[in-house]
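Let's take a friendly walk through a protein chain, from its overall build down to single residues. Have a look at it before reading on.

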Amino acid sequence: MKERNPWAWVPTLYFTEGLPYVLVMIVSVIMYKNLGVSNAEIAFYTSWLYLPWVIKPFWSPFVDLLKTKRWWIVMMQFLLAVGLAGVAFLVPTSFFFQSTLAVFWLLAFASATHDIAADGFYMLSLSEEKQSLFVGIRNIFYRVAMISGQGLFVMCAGWLSKSYGFPMAWSIVFIAVAALLLALSLYHRFVLPKPAEDSEKSIGKIGHLFASFFTKKNIVVAMLFILLYRLGEAQLAKIASPFLLDDVSQGGLGLSTERVGFIYGTIGVLFLLLGGILGGVVASVGGLKKWIWPMVLAMNVPNLVYVYFALVQPADFWIVCSGVALEQLGYGFGFTAFTLYLIYFSQGEYKTAHYAICTGFMALGMMLPGMVSGWIQETIGYQHFFIWVCLCTIPGFLLIKFLNIPEDFGRK
């Protein structure tokens, strides 16, 4: 294996993994809101875009067995750049909703395939000790991509809309992101290492690959945990941005698109970085089992911030910034536990495909609640909706004590 400092590729690889996801699943929500689509339609149709991540286990064996993960990574990044350019050309049209949804669907398939290859490549290229140490770093840069989408790109669209209107503003943004993806594809073509284990395998092993996953010890509890752990977040993620953008008379906070972008792209990213670094460090020192409870609490308790926002509707912009900062700090720290558990449960001969199966179930746990979140919010209002989100975190807490995590997993 050609030695390569993980700092040269782990941050950029996971930034690139997060970028298409945030554009397809989150930025599209804000864009459609700007273009006049209702909350119910946005939540329902964009939640369907989770489907490629749900069903990716069915083609993950081919990514695991055919070609190399390195080849899949570079190729998918190139295809994603082409697809994003397609979105840019379709946004200003009169049939933007149907056409951009179709392209987002194709982008979702390419992004899900890229996830399979990137996560497998990470496990093949790093030792268990380095995986634990860099899990915080990979989560940080994945979230930096998400914050860049929700922050910088949204802010740019807001600024450009004042001169060109929202359709052309979003078109310019997507062209710029397509160019960035193309540059990252070229960078990874030359910088990614070439681990000896990253090679083609026999296609005849597919049956055994699936059987070995579903016969793992504690499989039922693991699947329930993966499906239910993000039950509250799945609904919050679809409604948080529309809530910030909706007028005060409609129960929202009445923020401009630029301000929403500023909150996520500056304050949010700083506290996310702090939380992610802290999560990776403490996990590598104390191990997953020791830190899973503090991390789960840190990830879910800050959802109460949105309950406060909905009840009080604060007019002070910096109060909103402070609440989002707390939520991002907790998320950066807490999501480390979930990522490490997926890595732990995927250990074995087919770790790439098994990790893809885990993330497929995770996506299903995001897709189904997300589909109905818009309808729930429009039915019960923002205040009761955010209380409901907090109640939905309870199943994840209850399942933790049934997880059989070794004392030393993730520890140096």
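Among contacts in the chain between residues at least 6 apart in sequence, what percentage join residues at least 24 apart? The answer is 86%, where contact means heavy atoms within 4.5 Å.

This is a predicted model, in which local features need pLDDT of at least 70 and side-chain atom pairs count only at pLDDT 80 or more, while totals for chains, interfaces and linings use all residues. Residues are numbered from 1 along each chain as its sequence is written, and side-chain values use heavy atoms, leaving out hydrogens and water.

Along its principal axes, the C-alpha trace spans about 55 × 45 × 35 Å. Of the 412 residues in the chain, 61% are buried (buried means under 20% relative accessible area, exposed over 50%, and partly exposed in between, with a 1.4 Å probe and protein chains only).

Beyond its neighbours up to four places away in sequence, Asp-119 touches Tyr-14, Glu-17, Arg-138 and Tyr-355.

Setting aside neighbours within four places in sequence, Ile-172 is in contact with Leu-160 and Tyr-164. Ile-172 and Met-223 lie 51 residues apart in sequence, and their C-alpha atoms are 41 Å apart in space.
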